[in-house]
Amino acid sequence: SELRKKLIDAFTNSKEEYLSGQHLADLIGCSRTAVWKHIEELRKEGFELEAVRRKGYRITKTPEKVTPDEIRLGLKTETLGRNIHHEESVDSTQKIAHRLAYEGSPEGTVVIAEEQLSGRGRMDRRWHSPKSTGVWMSVILRPNIPPPKAPQLTLITAVAVVQAIEELTGLTPQIKWPNDILMNGKKVTGILTELQADADRIISIIIGIGINVNQQLNDYPDELKHIATSLSIEKGEKLSRADLIKILLGKLENLYKLYLDKGFYPIKLLWESYAVSIGKSLTARTITGTIYGKALGITDDGVLMIEDSNGKVHHVYSADIELDS
Ligand code: BTX
């Protein structure tokens, strides 16, 4: 609202000095009760305010937002993130990115939301995306590749996310084929790759990336508490989502260029160096059935190879993987 904007401006101009309720009321032209109400609203939005008798209010902490300005500041990419849509609350950033792609938004367009009300995973599963704690982002790419190669983009993105997390935290996550990124065996990131394509040509690829950044264990619903983690839980400190996004867009752009230039092979080597599943016994649930066996690796196209107990090698294009313990 207009009053809220004036209130924020007043605090911005006060440069951390205390502002009394009466002074604020005069500045923004409302009653002291109204000032108090707006201050309560700010607290609900994530601001922390200190109130000291006879002195007034002071903002001690702002909610960490990822505004386009904050992301563009210092961004080193040529195309990725040059066009940013930032939303407060959406169903799913994928939905918005699909519409933008359809309407012709350029390659590198990024949709970021503070919160997703129905963030989605693969096969209509849900992705828990609480307010201002994670990176909920969709990236539009328009590679000139045939549709069957699209899953490679998931693997490229996984490598980019791992490299970005490494740079930001100094910790190295692991990749579980095809799209899970794990720290200490728990999921810190999910990747969802979707397509708009003709029979023989990709029109656009929408890459959805969900990274848990500042959630604490109690922020997760019970069913996720033992399978999910966040960068903050692993690192033991709060981290900047804007920095993570900037680093990630840089890594993704570099790997994407490498891929368009040299093909999937160099990506495959990087991917394998982070993969947790290679050489392990696992269960793969696919649409056509369940395969038990040992993961041999991925093909040059990014397809998972599993050897079953009869020595038969299965090529798996899409599945849920459970590592046998
Ligand atoms: P997935 O199908 O591999 O994983 C979904 C499963 O992961 C859920 O069934 C649940 O068990 C678990 N899960 C849900 N939320 C979380 C979470 N926050 N942390 C860890 N585990 C969780 C993975 O699908 C792909 C997720 C992509 C999310 C991005 S966010 C931006 C974009 N917009 C959108 O709607 N989806 C993508």
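I started with helix α1 (residues 2-14) and helix α2 (residues 21-28), which pack at about 125° with their axes 10 Å apart. Helices here are DSSP runs of H or I, at least four residues, numbered from the N terminus. Axes are lines fitted to C-alpha atoms over the stretch in contact, with angles from 0 to 180 degrees between N-to-C directions.

This is a predicted model, where local features need pLDDT of at least 70 and side-chain atom pairs count only at pLDDT 80 or more, while totals for chains, interfaces and linings use all residues. Residues are numbered from 1 along each chain as its sequence is written.

I noted the α1/α2 crossing as right-handed (near helix turned clockwise from the far one by less than a right angle). L3, K6, L7 and A10 of α1 touch L24, L27 and I28 of α2, contact being C-beta atoms, placed from the backbone, within 7 Å. By class I get six nonpolar, no polar and one charged residues in that contact (Ala, Val, Leu, Ile, Met, Phe, Trp, Tyr, Cys and Pro are nonpolar, Asp, Glu, Lys and Arg charged, the others, Gly among them, polar).

Next I looked up α6 (residues 151-169) and α9 (residues 241-262), whose axes come within 8 Å and cross at roughly 140°. That makes α6 oblique to α9, and their crossing is right-handed. On the α6 side I listed residues including I156, V159 and Q163, and on the α9 side residues including L244, K251 and Y259. The α6 contact with α9 has 13 nonpolar, two polar and three charged residues.

Key
Helices (H or I, at least four residues) and strands (E, at least two) are DSSP runs, numbered from the N terminus. Angles under 35 degrees count as roughly parallel, over 145 as roughly antiparallel, 65 to 115 as roughly perpendicular and the rest as oblique. Two residues are in contact if their C-beta atoms, placed from the backbone, lie within 7 Å.
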